[in-house]
Amino acid sequence: MRFRRFRAVAARWPWVLTGFTAAVATAAAAPIGEDGARHLLARTGYGPTAAEIRDYAPLERDAAVARVLGSARTKALTPPPPAMLAADPMRPPRETSGVEERRAFVQRQIRAGIELRGWWLSEMLATDSPITERMTLFWHNHFVSSQQKVRIARLMYRQNVTLRAHALGDFGALLHAIAKDPAMLVYLDGVQNRRAAPNENFAREVMELFTLGEGRYTERDVKEAARAFSGWSLERDTGTFVFRRALHDPGDKTILGRTGRFDGDAVLDLLLAQEATAELVVGKLWREFVSPDPDAGEVRRIAGEFRRSGYRIPVALSALLRSDRFWAEANRGVLIKSPVELVVGTLRSLEIEPADAAPFAIAAAGMGQNLLSPPNVRGWRGGEAWIDTNTLLARKQFVAQFARYEEMRKTPSRPERAAAGLATPDATCGMPPDAAADAAADAGMDAQGLRATPGPTGAPAVQSADAAKLRALRAARAVDRAFRELGFSPTRWIAALPGDTPADKRAAAQRVLLPISPAAGGTGAHDEADPLAFLRATLADPVYQLK
Amino acid sequence: MDRRRFLAAGAAALAGTTAASRASVAWAAAPAAAGAEPYARLLVLVELKGGNDGLNTVVPHTDPGYARLRPRLALRRDDLIPISERLALHPSLAPLLPAWESRELAILQGVGYPDPNLSHFRSIEIWDTASRSAEFLADGWLARTFARTPPPRGYAADGVVVGSGDLGPLAGGSTRAIALADPEQFLRRAKLATAAGERRNAALAHILKVEDDILNAAAHLDGRHAYATPFPSGPFGSAVRTAARVVAGDAGVAVVRLTLGSFDTHSNQLGTHARLLGELAQGLAALRLALIEIGRWDRTLVVTYAEFGRRPRENQSAGTDHGTASVHFALGGRVAGGLLGATPDLGRVGEGNLPHAIDFRSVYATILERWWSLDSRAVLGTRFEPLPLLRA
């Protein structure tokens, strides 16, 4: 109860702050400064670097926001894994095919899926437009599909390409594209939806989750819309959309009070014409970029602008990012980083470029965010749900690694460490490999893409739990190896930061890493002169989980 | 009901328990002292995520409607496990037979609620918060229960959630819920938690509360108990093993929540459903044997739940779409085994869904009143009639 009251106060506080237009005008016209730059970059990207903060600090709000949005890309910088561009038939083996053939297929898709996650994480690290990757991930979590059901990694890749192409384009165009996206057609059973045999899955979710929101349509609307989408299908061998006229129901449908011979595209246009659709998207963007509690009036206003612009995504983003609520002091550090933000952000801020990013995608999966495999059609719930006792410890264990390997290099041998009573870090996020394997298995982490679950065909699981453990173990070792190979030195990183004295440099480090001052203030570890101890304390601070 | 009245009312219930926990020993030794513990009786909730197909779980195979509605999905009569003249269990549920035969398994037929919602997310929210269909409540029903009658501070946690991030009915309030994958790993890592800090916003307050929950749980938890009972392999089997280890020690835990899924079988249901029911039955059978092994089964109540069942008529993808009322299981050493509720009458079902025979809040009322001797109306808002689910 105490938290709720706190939240209510926190929600009102910015109004008090920004109620004075004169003050607002001054703030908007002044340079955003290093704190402002950090805030904008952390919210719209992944962990800013000291250099990026310096670059943005002299800009005024509007210019800074325009620069972020102006960076938008429609294609990834990083070349995809070659298998993603292959043209061989992608049809999974039939039920009648042999166990070996099916096993080989599943293995190939799992391997390709891990490569694909690594590729996406590499792009997040390498991109010159972090907002593009943040929005691609945002749409992945809005128009959810999961490799668990889609199975074919190449289809997941193509969907990712589509999401990126429209990430900062038009929401309407994105909605139309995603409704015909092959991975989506498999994920929400569109391929099963035929005139004689309507399947409601996509029709329901497109209204409930993608556009209108729950309670803004009837069960009848769902059934009628399913008829309109019938015949939207997939050429299985090429994995491309095909409209099968013979399977389409061309009759009259009544949807949201309108009657006509609607097809799928017409239904999507009906949905886009609803105010509720723009409001749902803007409310979600608010929670992603501004604060956990959207202001209903502001959401309506921005949603109106968004809809009138023809659903130009940058219009909505610009309005949100230029709003006083976004910049309010009371809204700094009020959002919880997603695991991917934590992992990619830490690597970016510490200016580390791993040779292979796949182990870091696995690390994020261990914290509850397995790219390409959201838990269900609603996606990752986000916010406070990112943090439970299990995931918080996984997050803390992960960041603790960054201060650990330099220490190990200083301490040459295991026996010496043991004699000194020091733990020997030896596996994924510090847990011994067997525990990592257990954890993966215990948590049902097919998620990690390491274990095949049966597809929607109900094919039997082709792997035993032991095989799954073995794979989790290998993954754990890969993460450990990746950490060792980073060769990251906290000492060097801190030394390179601006500042004349060690204290100045520590202050600069905290400005890069923390959105607000440390929570664990009194413990003194933050004043630690030893760079390793200082970095460990800073990354372990509860505030590091926030953005 | 206040603590004092509970003490009087709960005396009989607690006197019946056998292998004594620390809490009940303390109470028995000093009956006048505060601290008699309703939560010495463990509740294990198993969420069947995605909505389980009740008709293919406990099968009304003699109802001619069954074959008519399920031309592709009807299970072969020869494969089924008969439990009454009209009903039979899915073959994957065979591991539950010993519990059924010792009358420790109750089958709750037609559990649902009026004006059902067919959205996964809204419907599970209704179940988790025990709200009416059109009512929005913020906190889970167990969070509300614990807000009124908190488990002792000395407990390792109010609730332990194994293998899933979301806290379900434990979410909200100041419930001390911990999410666990592996107890040993948890204890190894717990030293990374931070003691305290200033709660400057809601997100930070949440993180600091979780840090606090970790430290408290780590101070009490001992997850090392070695069982002679074997546990099934696979994620659900592992989760059951973790649950059994967590409740074996003296740690004190009021509720354990497990999840299994996804039961959202819109297409090609048969194989997936058989596998999931198999995992469920093997897991629950192992839990029963493990808790019998440590003398805890008489003080354990296991209840399954889900957001909804599936539609009686199969869809054209050899699957089933979102439905309404469904069948659920309750198991435990004190469960009065048998059939409760009403077997669905499929004769009248066309395209529609099944009416409910048991309001899910009656199940909760049974847990609150009969298992924990608490005031159910205070938690549920209205009085729901408890079910004759437990032996005296």
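1. In this predicted model, helix α7 (residues 130–140) of chain A and helix α9 (residues 153–165) of chain A have axes that come within 9 Å and cross at roughly 120 degrees. This angle makes α7(A) oblique to α9(A), since angles under 35 degrees count as roughly parallel, over 145 as roughly antiparallel, 65 to 115 as roughly perpendicular and the rest as oblique. Axes are lines fitted to C-alpha atoms, for helices over the stretch in contact, with angles from 0 to 180 degrees between N-to-C directions. The crossing of α7(A) and α9(A) is right-handed, that is, the near helix is turned clockwise from the far one by less than a right angle.

2. On α7(A), the residues A:Thr132, A:Thr136, A:Trp139 and A:His140 meet A:Asn160, A:Leu163 and A:Arg164 of α9(A); a contact requires C-beta atoms, placed from the backbone, within 7 Å. The residues of this contact comprise 2 nonpolar, 4 polar and 1 charged. Here Ala, Val, Leu, Ile, Met, Phe, Trp, Tyr, Cys and Pro count as nonpolar, Asp, Glu, Lys and Arg as charged, and the others, Gly among them, as polar.

3. Chain A contains 28 helices and 4 strands, whereas chain B contains 12 helices and 12 strands. Helices (H or I, at least four residues) and strands (E, at least two) are DSSP runs, numbered from the N terminus.

4. Of the 547 residues in chain A, 54% are buried, meaning that 20 or more other C-beta atoms lie within 10 Å of the residue's own. For chain B, 63% of the 392 residues count as buried.

5. Among contacts in chain A with a separation of 6 or more, 75% involve residues 24 or more positions apart. In chain B, 72% of contacts between residues at least 6 apart in sequence join residues at least 24 apart.

6. The C-alpha trace of chain B spans about 60 × 45 × 40 Å along its principal axes. Its radius of gyration of 21 Å agrees with the value near 21 Å for a compact globule of 392 residues; the radius is taken over C-alpha atoms, and the globule rule is 2.2 Å times the number of residues to the power 0.38.

7. Where the chains meet, 55 residues of chain B are in contact with 60 residues of chain A. The largest share of the chain B side, 12 residues, comes from α8(B). By class, this side has 21 nonpolar, 22 polar and 12 charged residues.

8. Residues are numbered from 1 along each chain as its sequence is written, and chains are lettered from A and ligands numbered from 1 in the order in which they are written. Local features need pLDDT of at least 70 and side-chain atom pairs count only at pLDDT 80 or more, while totals for chains, interfaces and linings use all residues.

Terms used: Two residues are in contact if their C-beta atoms, placed from the backbone, lie within 7 Å. A residue is buried if 20 or more other C-beta atoms lie within 10 Å of its own, exposed if 12 or fewer, and partly exposed in between; C-beta atoms are placed from the backbone.
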